[in-house]
Amino acid sequence: EFLSVENLKVSGLRIAARHQLVVIRDLSAQREDSWFKSLFVRKVDPRKDAHSHLLAKKEDNNLYKIQFHNVKPECLDAYNDLCADIFPSIHADPEYPCELVGTWNTWYGEQDQAVHLWRYRGGYPALTEVMNKLRQNERFTDYRKQRGTMLLSRRNQLLLEFSFWNEPVPRPGPNIYELRSYQLRPGTMIEWGNYWARAINFRQQNHEAVGGFFSQIGSLYTVHHLWAYKDLQSREDTRNSAWQHDGWDEVVYYTVPLIQHMESRIMIPMKNSPLK
């Protein structure tokens, strides 16, 4: 018996619908299989070395520690005197493989704050040696007890220095210092380093570049750039002059998207700071 035109249409629609359902099921199965495989298969970065080895200086094996101490406002002067009494003795003692790079009070930024930067020549073994010796140092133990009554909070980070920055060395003053801290998106440290390896050449005109560091322990993917200026107006003029160099605008354009959070501190050196 011949099918009517209407029956043929209905039959055709049913066949098309079944075909569409088969295709959808097949695609769904493929997606599920692809999703399942993604649990076990990852695209691997072809680099065969840690980022810290690619970015840090290899010839000196320096490790840095930066400390942020938030001091009770009424105790700030006493705290500064306490640091001035103990830091120079540790810095000058050859038995301690560490150096005080700089010590400051925050002027603009978080108030009643002290920032200390130490260098350990010899890396983690030097840090461990210093910590063990300080536990046996009665003067330092007394310092820590007194310090504990003056602080609201404290935190620190262990840092490595970027290979393309100058090593921080003592400099005469008076200067103000800016610590610019950047929290980067995870996985972008190499990209940041590649851009700043070129950008640092634009920021040497007035010898303002002091040091550049990235975190190893503490808050990760953190970068600190340390700059020195004669005063706030000198800072403004120096920063504006960077825009006169071809390529600086490109560096800013490509590095800003890498940043999750950034902070600037203007700091005044304490009287015992090697960076005056």
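In the predicted model, helix 8 makes the greatest contribution to the lining of the second largest pocket, supplying four residues. Besides helix 8, at least two lining residues each are supplied by strand 5 (176-184), helix 6, strand 7 (222-229), helix 7 (232-241) and strand 8 (259-269). Classified by residue type, the lining of the second largest pocket contains eleven nonpolar, three polar and three charged residues.

Helix 8 (residues 248-255) is also paired with helix 6 (residues 189-199): the two axes come within 10 Å and cross at roughly 160 degrees. Because angles over 145 degrees count as roughly antiparallel, helix 6 and helix 8 are assigned to that class. The crossing of the two helices is left-handed. On the side of helix 6, the contact is formed by Trp192, Tyr195, Trp196 and Ala199, and on the side of helix 8 by Trp248, Val251, Tyr254 and Thr255. Of the residues in this contact, seven are nonpolar and one is polar, while none is charged.

The largest pocket has a volume of about 480 Å³. It is lined by 25 residues, with Lys65, Gln67, Met131, Leu134 and Phe140 closest to its centre. Two or more lining residues are given by each of strand 1 (62-71), helix 3 (76-92), strand 3 (113-121), helix 4 (124-135), helix 5 (138-148) and strand 4 (151-161). The lining of the largest pocket divides into 13 nonpolar, six polar and six charged residues.

Two features of the backbone were also identified. Most residues other than glycine have a negative phi, and most peptide bonds are trans. The peptide bond from Gly173 to Pro174, however, is cis, with omega near 0 degrees. Pro174 is located in the loop that joins strand 4 and strand 5. Asp112, although not a glycine, has a positive phi of about 55 degrees. This aspartate lies in the loop between strand 2 (98-108) and strand 3, and strand 3 is in turn one of the elements that line the largest pocket.

Methods:
Residues numbered from 1 in each chain as written. Predicted model: local features only at pLDDT ≥ 70, side-chain atom pairs only at ≥ 80, totals over all residues. Heavy atoms only, no water. Axes fitted to C-alpha atoms, helices over the stretch in contact; angles between N-to-C directions. Parallel < 35°, antiparallel > 145°, perpendicular 65-115°, else oblique. Left-handed = near helix turned anticlockwise from the far one by under 90°. Contact = heavy atoms within 4.5 Å. Nonpolar A, V, L, I, M, F, W, Y, C, P; charged D, E, K, R; others polar. 1 Å grid on protein atoms, 1.4 Å probe; cavity = no way out; pocket = protein on both sides within 12 Å on 5 of 7 lines; lining within 4 Å. Points joined across faces, edges and corners; volume = space filled by probe spheres on them.
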